[in-house]
Amino acid sequence: MERREVDLKLNEDCVRAVLLDVEEKYKFGDFLNLKDFEEGNSSMFSEEEIEYTIIRLEEAGFIIATIQWINGAPWHISVGSLTWQGHEFLDNVRDTKIWRETKEVASKAGSVSLSMLATIASSVITKSLGLN
């Protein structure tokens with residue numbers, strides 16, 4: 001099996017795209033595979049980026065996924081549903097305008113975690129509703 005080079009930097013746009021695809025394509029009781037991400041929100045990202053993002057999202061508890069490894073590399077990945085935490089994050093960043101503003105605010109810090117992105121998105125939403 002040939003090793004592929006993967007950028008080990010989590011792409012927040014890919015995170016959002018994968019979560020949107022899981023929400024849109026998942027049917028209760030089924031699993032999605034990588035082919036299901038080739039069309040839709042995730043289509044602009046490489047297979048390796050999508051794989052890496054799915055692995056990290058499962059690890060963070062945002063999605064339910066099954067990942068089978070061979071020789072330290074993912075061999076088979078199937079994705080079930082979003083978790084409660086995944087739904088909460090996606091609800092905060094779903095709107096394109098909110099997402100754009102969230103990334104703009106986050107860029108001032110350079111690099112931020114997913115939990116910080118959710119917090120920033122929540123602040124942007126609160127501000128847009130005039131609640132602050």
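Me: Before we begin, what should I keep in mind about the model and its numbering?
Reply: This is a predicted model, in which local features need pLDDT of at least 70, side-chain atom pairs count only at pLDDT 80 or more, and totals for chains, interfaces and linings use all residues. Residues are numbered from 1 along each chain as its sequence is written, and side-chain values use heavy atoms, with hydrogens and water left out.

Me: How many helices and strands does the protein chain have, and what makes a run count as one?
Reply: Helices are DSSP runs of H or I with at least four residues, strands are runs of E with at least two, and both are numbered from the N terminus. On that basis the protein chain has five helices and three strands. Their order from the N terminus is α-β-α-β-β-α-α-α.

Me: How do you know whether the radius of gyration agrees with that of a compact globule?
Reply: The radius is taken over C-alpha atoms, and the globule rule is 2.2 Å times the number of residues to the power 0.38. For 132 residues a compact globule would come out near 14 Å, and the protein chain has 15 Å, so the two agree. Along the principal axes, the C-alpha atoms fill a box of roughly 55 × 35 × 25 Å.

Me: What makes strand 3 largely enclosed?
Reply: A residue is buried under 20% relative accessible area, exposed over 50%, and partly exposed in between (1.4 Å probe, protein chains only). Eight of the 10 residues of strand 3 (residues 73–82) are buried, so the rest of the structure largely encloses this strand. Across the 132 residues of the protein chain, 36% count as buried.

Me: Why is Ile70 called partly exposed?
Reply: Ile70 has a relative accessible area of 34%, and therefore it is partly exposed. Ile70 belongs to strand 2 (residues 63–70).

Me: Which strands are called edge strands, and what makes them so?
Reply: Two strands pair if DSSP finds at least two bridges between them. Strand 1 (residues 32–33) and strand 3 are joined by two bridges and run antiparallel, with Leu32 opposite Val79. Seven bridges pair strand 2 with strand 3, also in the antiparallel sense, and Ile67 stands opposite Ile77 there. The three strands form an open sheet in the order 1-3-2. Strand 1 and strand 2 each pair on one side only, which makes them the edge strands.

Me: What lies between strand 2 and strand 3 in their hairpin?
Reply: Two residues lie between these strands, and Asn71 in the turn has a positive phi of about 50 degrees.

Me: Where on helix 5 do its buried residues fall, and how do you know?
Reply: They are Leu114, Leu117, Ala118, Ile120, Ala121 and Val124. Seen down the axis of helix 5, they fall within an arc of 165 degrees, so they line one face; the arc is that of the directions from the helix axis to the C-beta atoms. On the other side, Ser115 and Lys127 are exposed.

Me: What do the buried residues of helix 5 pack against?
Reply: They pack against helix 1 (12–25), helix 2 (47–60), helix 3 (84–93) and helix 4 (96–107), where contact means heavy atoms within 4.5 Å.
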